[in-house]
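Reader: I have a protein model open on my screen, and I would like to learn how to read it. Could you walk me through a few features?

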Amino acid sequence: MAVLTISLAAYSIQHRRQQRQSQHARSPSPEKGAVIRPKKEVRPFGVWTPSDFKMPTPEPYPNWSLTDTKPLPYRPFRYGPKYHQTMGLRTVKHEDWIELDSHYPRFHADKARRILERGTKCYRTGPEAYPAAVELLEDLTNYLPARYPSLFRRTEVGIDNLWSGESFNIVERPLAEDPMLTCARLIQDDLAIMIEKPDGQYYLLAGAVFLPGFWRLDEKFGMSMSELHTSGDVPQFREKLEKGMMNFFRRVKPEEMVARNNYFFQVDDDLAWSWSLGSEDDAHPAWSKSEKNKAIEHHHFRSERQTLRRLPKSGGVVFTIRTYFHPVTEIAEEDYVPGRLASAIRSWGDDVSRYKGKETYGEILLEFLDNKHQEQIDRGLDLSKEDEVRAYPY
């Protein structure tokens, strides 16, 4: 989640620049009788007036199948020599909010196991965020049966999962469980809601984070957006990202939705928690605790597809965090991927390398990727054709 704001900052700056240019181009000159309009009233921090916007009902996902719809092949890395932290954010349609695929049963099972094993360490809703959590549940209840009609059915009181046999009543009061927990049961994504307080900061006050890999909700709950990033040692956050990110959060509208992707590596095979960094209950899990230069079969590519939108009634800002998890040996078989990925890794600066744990796996990983890249060249792969067959973030 933290890395999302690296791109948000750049988006915010570009968006404001375009607005100023547009306003300048439209403004009539005084000689032509300009109409001077009063400045728009600035919204006080921590105050949100409900919007009339309603998320459009999506069309069914084309030919979606629980067995045949494969995970989208996100490969969100670029060639070096420079690592650009501000690239990757894009506007997405509301109908593309939630992505489900044939890995749904595994995610559902992993979450069910985590609910039993970790319980409220992985989900929580503060009182200030409860209306936003209920609103999120209502949105998912309307969205999912329309987008994935073979998996979900809308009922008079809520939603049925046709595959698992689960039924959820979202109109009874009190609800049978934390609304964030119900949201998490429905989809493959982890979820977080940020609420603005009178100090102008956004705080993590609701979440269902069962498959985070590297961070823990119970440790981060209640932190401001700035604290989340500084506590996680996000590279260059204070120097380059914080101001633009805060401006973006304040301005994002319910009508807008953005997405971005990131990527990391693990040297273990656990989607939920990277145990090679230490126990999930360890006070200080760290890359320094990982075994160095493990065989390539232990290396896994972890990529998150994150979306961000503002809930119209409550004003809460919702993150969805969908993880894609594959053995490196699998993705390296894809044309162009090993060469581009090796170039991207070599472009990391010292701060990014520390953040991503490169010292633990870099030597083995780069040697493997270089060899796979050479194999592709030797069999005749035309590197000049890459842009014709692959476009970021794929």
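Author: Happy to! Let us begin at the end of a helix: helix 11 is followed by Gly 380, which has a positive phi, near 100 degrees. Keep in mind that this is a predicted model.

Reader: How many helices and strands does the protein chain have?

Author: The protein chain has 12 helices and 10 strands. Of its 394 residues, 53% are buried.

Reader: Which residues of helix 11 are buried?

Author: Start with the general idea. An α-helix has 3.6 residues a turn, so residues three or four places apart point the same way. In helix 11, the buried residues include Leu 365, Leu 369, Lys 372 and Gln 376.

Reader: And what do the buried residues of helix 11 pack against?

Author: Their partners are strand 8 (257-266), helix 8 (328-331), helix 9 (337-346) and helix 10 (350-356).

Reader: How should I read a pair of aromatic rings?

Author: Two values describe such a pair: the distance of the centres and the angle of the planes. This structure holds 22 aromatic pairs. In one of them, Phe 249 and Phe 319 are tilted, with 5.9 Å centre to centre and 40 degrees between the planes.

Reader: Is the pair of Tyr 263 and Phe 301 stacked or tilted?

Author: That pair is stacked, at 6.1 Å centre to centre and 25 degrees between the planes. Tyr 263 lies in strand 8 and Phe 301 in strand 9, so the pair ties together parts 38 residues apart in sequence. Tyr 263 is buried because its relative accessible area is 4%, and Phe 301 is buried with 0%.

Reader: Which charged end sits over the ring of Tyr 263?

Author: The charged end of Lys 356 does, 4.5 Å from the ring centre. Tyr 263 also belongs to one aromatic cluster, with Phe 301, Trp 287 and Tyr 361 among its members.

Definitions and conventions
Residues numbered from 1 in each chain as written. Predicted model: local features only at pLDDT ≥ 70, side-chain atom pairs only at ≥ 80, totals over all residues. Heavy atoms only, no water. Helix = DSSP H or I, 4+ residues; strand = E, 2+ residues; numbered from the N terminus. Buried < 20%, exposed > 50% of the residue type's maximum accessible area, 1.4 Å probe, protein only. Contact = heavy atoms within 4.5 Å. Phe/Tyr/Trp six-rings, centres within 6.5 Å; stacked < 30°, edge-to-face > 60°. Lys NZ or Arg CZ within 6 Å of the ring centre and 35° of its normal.
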